[in-house]
Amino acid sequence: MSTAEEFIKLRLAQRIENGSIRKLSASTLPVDFCSNDYLGFARSDELKKHIEGTLQDFTTYQNGSGGSRLLSGNHFFTEETEQFIAHFHNAESGLIFNSGYDANVGLLSSIAQRGDTIISDELIHASLIDGSRLTHANRYTFKHNDTSQLETKLKIAKGNIYVIVESVYSMDGDIPPLTEIAQLCNLYDANLIVDEAHALGVLGNHGKGLVQHLDLEQQVFARVMTFGKALGCHGAIVLGSVNLRKYLINFARSFIYTTAAPIHNIVAIKCAYQRLIETNHTLLIAHKIKLYHQHINGFLETTTTESAIQTLRFNSTNHAKASDQKLQNKGYDVRAILSPTVPKGKERIRICLHLFNSDEQIIDLIKEIKNLQ
Ligand SMILES: Cc1ncc(COP(=O)(O)O)c(C=O)c1O
């Protein structure tokens, strides 16, 4: 066996031993409390028909884009969709990337230079961390949602300063004090970047996100909206100034050196946004969240949030895994989130609420949670 194969075997054996081995599985469980399809768009027949109908309006469209956006992969419809989405979000401009991961890596790695400073909440998503790591900028983190620690770091920051937060944290579902963070950024001349992956479709009027809900559009340097969650599609957009868009086209390597998404993907994104405009789903999903709060009612280590992500906390991998197994045996698709995705001792089960979860399913799930001990 080569030394590389030996290395791989050893690392996998370590994961098996500490119970944190990751495996792919396609869920067949009937009740989805796991996916990010908060509004049910990914499974919507109505949306599917709308997408198929819109595609028929294209006299010529290809199955694949054939290249990078800078070569043969661009399409007038993609640019039109970018403008349409930017308008919906009250932003000057937008640039679509193939995924949220690509958007975050491309934005951060291209924008922050040697001598600049990135200050991020300690719980930001891996894609934001990876983008920051690709820079030569100084990097600091601040304790989760702790604005006084943020201010301490702002005081020592040099060069162009970038503050990175999420509007809904993906592992806890909680919402940061964004107005206060924006005020601090203003005070210290820092550029605020907000990842709205889990807020789009769920927070703000017509699901426009937290930044718009708080009227902070003018105080934010860039927003990242991902399409793989409430929109039920795939891809992401970076919203910001016209110059930021031009800059990313020139310098964001995850935008430049990759094949563009096929046109049917872009059509799906536009149709999903049209659905957000037609119906204010925010009020409907808020009902599900409120129902969950009422019934869980401070039970044990549960944290409730205003977002669609709720958590049950455990202090070990084994406890979290045994509990998710019990809930899965009852037909609920819930998954334990284990270390190293979350810190050791902070393992949890993440419960994602959806519009398609009936009130009865939510109440029954909570009954099972209360039987977990
Ligand atoms: C906060 C956050 N940002 C970005 C991403 C990446 O988005 P995508 O799945 O489109 O790559 C995710 C998804 O896991 C996320 O939770």
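Thr-147, Leu-150, Glu-151 and Leu-154 of helix 6 touch Glu-180, Ile-181, Leu-184 and Leu-187 of helix 7, where contact means heavy atoms within 4.5 Å. By class, this contact has 5 nonpolar, 1 polar and 2 charged residues; Ala, Val, Leu, Ile, Met, Phe, Trp, Tyr, Cys and Pro count as nonpolar, Asp, Glu, Lys and Arg as charged, and the others, Gly among them, as polar.

A word on the model: it's predicted, so local features need pLDDT of at least 70 and side-chain atom pairs count only at pLDDT 80 or more, while totals for chains, interfaces and linings use all residues. Residues are numbered from 1 along each chain as its sequence is written, and side-chain values use heavy atoms, with hydrogens and water left out.

Back to the helices. Helices (H or I, at least four residues) and strands (E, at least two) are DSSP runs, numbered from the N terminus. Here are two helix pairs, with axes fitted to C-alpha atoms over the stretch in contact and angles running from 0 to 180 degrees between N-to-C directions.

| Pair | Angle | Axes |
|---|---|---|
| Helix 6 (147-156) and helix 7 (178-187) | about 15 degrees | 11 Å apart |
| Helix 2 (45-56) and helix 11 (263-278) | roughly 125 degrees | within 9 Å |

Helix 6 and helix 7 are therefore roughly parallel, and helix 2 and helix 11 are therefore oblique. Angles under 35 degrees count as roughly parallel, over 145 as roughly antiparallel, 65 to 115 as roughly perpendicular and the rest as oblique. The crossing of helix 2 and helix 11 is right-handed, meaning the near helix is turned clockwise from the far one by less than a right angle. Residues making this contact include Leu-47, His-50 and Ile-51 from helix 2, and Val-267, Ala-268 and Cys-271 from helix 11. They're part of a set that divides into 8 nonpolar, 4 polar and 2 charged residues.

Now for the ligand. It's surrounded by 13 residues, the closest being Gly-100, Tyr-101, Asp-195, His-198 and Lys-229; a residue counts if one of its heavy atoms lies within 4 Å. A polar backbone atom of Gly-100 sits 2.7 Å from a ligand oxygen atom, and one of Tyr-101 is 2.9 Å from a ligand oxygen atom. His-198 uses a polar side-chain atom, 2.7 Å from an oxygen atom of the ligand.

Most residues other than glycine have a negative phi, and most peptide bonds are trans. Asn-90, though, has a positive phi of about 55 degrees; this residue lies in the loop between helix 3 (76-88) and strand 2 (93-97). A cis peptide bond joins Ser-339 and Pro-340, with omega about 15 degrees.

Notes. Polar contact = N/O pair within 3.5 Å; in protein donor to acceptor, adjacent residues only side chain to side chain.
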